[in-house]
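Please walk through this fold one region at a time, keeping the sequence and the model side by side. The paragraphs that follow move from strand pairing to the nonpolar cores and then to the aromatic rings.

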Amino acid sequence: MSEQGKGSASVCAAAPSTTAAAAAAATAGATAAAAAAAAGSDTYKGWLFKWTNYLKGYQRRWFVLSNGLLSYYRTQAEMAHTCRGTINLATAHIDTEDACNIVLSSSGRTYHLKASTEVERQRWITALELAKAKAIRMMNDQSDDSGDEEPASQSDRSEIQGTLKILVSKLDDLSTCNDLIAKHGAALQRSLSELEGLKVPVEGGEKIKAVNERATLFRITSNAMINACRDFLDLAETHSRRWQRALQYEREQRIHLEETIEQLAKQHNSLERAWRAAPTLSSTTPSAPTNKKEGGERPLKGEASDEDEDTEYFDAMEDSPAFITVTATDNTQHRRSQTSLSGASGGNSYDWNQDDHMSPSYNDVSGKELQPRRQRRTRVPDKPNYSLNLWSIMKNCIGKELSKIPMPVNFNEPLSMLQRLTEDLEYHELLDKAARCDSSLEQMCLVAAFSVSSYSTTVHRTAKPFNPLLGETYELDRLEEFGYRSLCEQVSHHPPSAAHHVISQRGWTLWQEITIASKFRGKYLSIMPLGAIHLQFHASGNHYVWRKVTSTVHNIIVGKLWIDQSGDIEIVNHRTKETCQLKFSPYSYFSREVPRKVTGVVADSVGQAHYILSGTWDEKIESAKIVQSSRGGSGSEGKQKTIYQTLSPKLLWKKYSLPENAENMYYFSALALTLNESEDGVGLTDSRLRPDQRLMEEGRWDEANSEKQRLEEKQRAVRRRREAEASDALDEECDNDSGREYECYQPLWFQQRRDSVTGETNFVYKGGYWEAKERQDWTMCPDIF
């Protein structure tokens, strides 16, 4: 089997009903199984399609043939913890239905399997027949000596004890014979010595007689010893095979027990983590996406489904990825000289662990501890349990702009949109690591992970942030702790638009202008962030630009609110023209995909793919380096899929766990808990000083609602005054050619400028805020609160 065949293992990705896809998968599926056999191993592995039920038909499963047992799993990763079913070939009947089908029956259980090609089916048949013959031969060998040769440790303990006593007795006989031989041998030697010194013939005759007697005794003793040894050897040979089998059985049982204990330990660890996260998960799962169980096993094929506990209803994948990822089986040919492939948790993922490139955990806080930091708060007052009828407020607002709907604080969280925008920096360590990357492609992977990480805080955050007032600002100064400073300002009120600028001493600058467009659709709320995010690394000059995806809040009227993210993100490095295409798959009730799935491809300037990204936007993102790509069969939409062969995935980003009691604190993350913490010296327009938001955080919601109405009315009055001034200036200009020119509202810390890279006009930081903070000179700030 060629290395190319081994490298393309198990690439049958489409159902066998699709002719083109099955043809494309034929060689890969066959070589996957054949490669294991070609190596002379007793283990035989590969992909086959297994019949499940009428709704799902044949499903692709990973089969492992080892020690006369055929087991199967949903994926190769499941081999470490979950076996879906096993059949003993020693008592199984192997049959074929047509060119590609295999039927295995044993003890009332039947497996209906299908290979991609007839050649692959024949290879499996050969392997199964050989394994069956070997299993039968081993079973017969265990009972050929006696009819009761069961494992000695279970049924023949008394017989073994008797045998051991006999062997001990024979050993004692050998010891006795050995003593006698030594004694008589010594006497014989003395007699011979005396014979040599004799001179009288008469005495010589007596001594010779004595020598003969002693020699006779020696010969008898020696014969007795030889007979005892023969008895011992015969007895040992009789029982040696049983002892060998008993020892082998005990070894196998020990190995099996160790594997079972290891699996139980992993399951225990998983259950413990799930239990700790149960309060968080239980509050979102009732109306969030859930998997449905089903039955309906095919009755004519005589098998009760052993996968019913986690099977799902699903339809055709209408929006499936345009590529298939296959992990390479021969890492020796593709081992990277600069990257260590040390194992990560679970044995399935690896981390890029060179300090100058990728670290095992980008969320590791050990680096942060190097700097003494201010002790920040770890909790906020618990959310009061106030009931409110949403429909009574929203029924007359369908189709209206969300920012124009009067909303009580009952639907808010005690943070403003500016603070939510600042939460994008939750995983700023990713950018710190990216700044140290020598490879722009690896840097792109980290930037992509950072762009996904900003959504991780939204999975439970269904409450609406406060709409910032025009001119409202928010600063986050973490210069001493993490090396960066962040400033946001509300630069427009209709449409609501915020400008954000972050500069880090660790080699990067980020800026963005986000305009929120939102529509209430009756059953759900769509939030469309408009505007580009810019990220520039100081050392390399790499300039990345991307945009956010659409967020959708479901079950607005009835049920529990839950959030989904959907759409595409294109990240472009404008210096090297490298790109990353990220796809946020929308949740579908009938989809087989995991909820909140994200996939992506990192490509160079000519479109050649180098990395595959995969994961979920609420948990983690992994990357896998591509070592080979090829064209596969057509998908459900007739589009040709690209098959990428990759190295083992490496962890890029993993979400922090939520703080304790987060479900009662608006599901705030550790960073979010500190965002509204009071600080001295901030600007007079800072969100921390907003009174309605502070009252809500303290649980005084009635007062917060009154204060919110006051602030909004004050803002409307200011806007009406500006409109009147603009109208007066226009009238003066019409009446008098030298009329005064009215200057529209200008943000305090940001100004509009045309971007030299993208050509777009947006608000960028013009400077002066941090200098004003050092002087504590806020005389230029408007009175908005």
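Ser-486 stands opposite Val-502 in strand 13, and this pair belongs to the antiparallel pairing of strand 12 (residues 484-492) with strand 13, which extends over eight bridges. Two strands are said to pair if DSSP finds at least two bridges between them, while helices (H or I, at least four residues) and strands (E, at least two) are DSSP runs numbered from the N terminus. The model is a predicted one, in which local features need pLDDT of at least 70 and side-chain atom pairs count only at pLDDT 80 or more, whereas totals for chains, interfaces and linings use all residues. Residues are numbered from 1 along each chain as its sequence is written, and side-chain values use heavy atoms, with hydrogens and water left out.

Strand 12 passes into strand 13 through a hairpin of four residues. Three residues lie between strand 13 and strand 14 in a second hairpin, where Gly-507 in the turn has a positive phi of about 105°. Strand 13 (residues 497-504) is mostly covered, with seven of its eight residues buried; buried means under 20% relative accessible area, exposed over 50%, and partly exposed in between, for a 1.4 Å probe and protein chains only.

Another part of the chain holds an open sheet of seven strands in the order 4-3-2-1-7-6-5, with antiparallel pairing. Its edge strands, each pairing on one side only, are strand 4 (85-88) and strand 5 (93-95). Within this order, strand 6 (residues 101-106) and strand 7 (residues 109-114) run antiparallel and are joined by six bridges, and Asn-101 stands opposite Lys-114 in strand 7.

What does the largest nonpolar core contain? It has 64 residues, and those with the most contacts inside it are Leu-535, Trp-546, Ile-571, Leu-582 and Phe-584; a nonpolar core is a set of buried Ala, Val, Leu, Ile, Met, Phe, Trp, Tyr and Cys residues joined through side-chain atoms within 4.5 Å. Helix 9 (residues 440-453) gives the most to this core, with nine residues. A second, separate core of 20 residues includes Tyr-44, Leu-65, Tyr-72 and Ala-115.

The aromatic rings can be followed next. Rings of Phe, Tyr and Trp (its six-membered ring) pair if their centres lie within 6.5 Å, and planes under 30 degrees apart count as stacked, over 60 as edge-to-face and the rest as tilted; by this rule the count comes to 17 aromatic pairs. The rings of Phe-482 and Tyr-484 have centres 6.4 Å apart and planes at 15°, and the pair is therefore stacked. Phe-482 and Tyr-484 are both buried. Trp-749, Tyr-769, Trp-770 and Trp-778 form one aromatic cluster.

Charged side chains also lie over rings, a charge being counted if NZ of Lys or CZ of Arg is within 6 Å of the ring centre and within 35 degrees of the ring normal. Lys-548 lies over the face of Tyr-455, at 5.4 Å from the ring centre, and Arg-596 lies over the face of Trp-617, at 5.8 Å from the ring centre.
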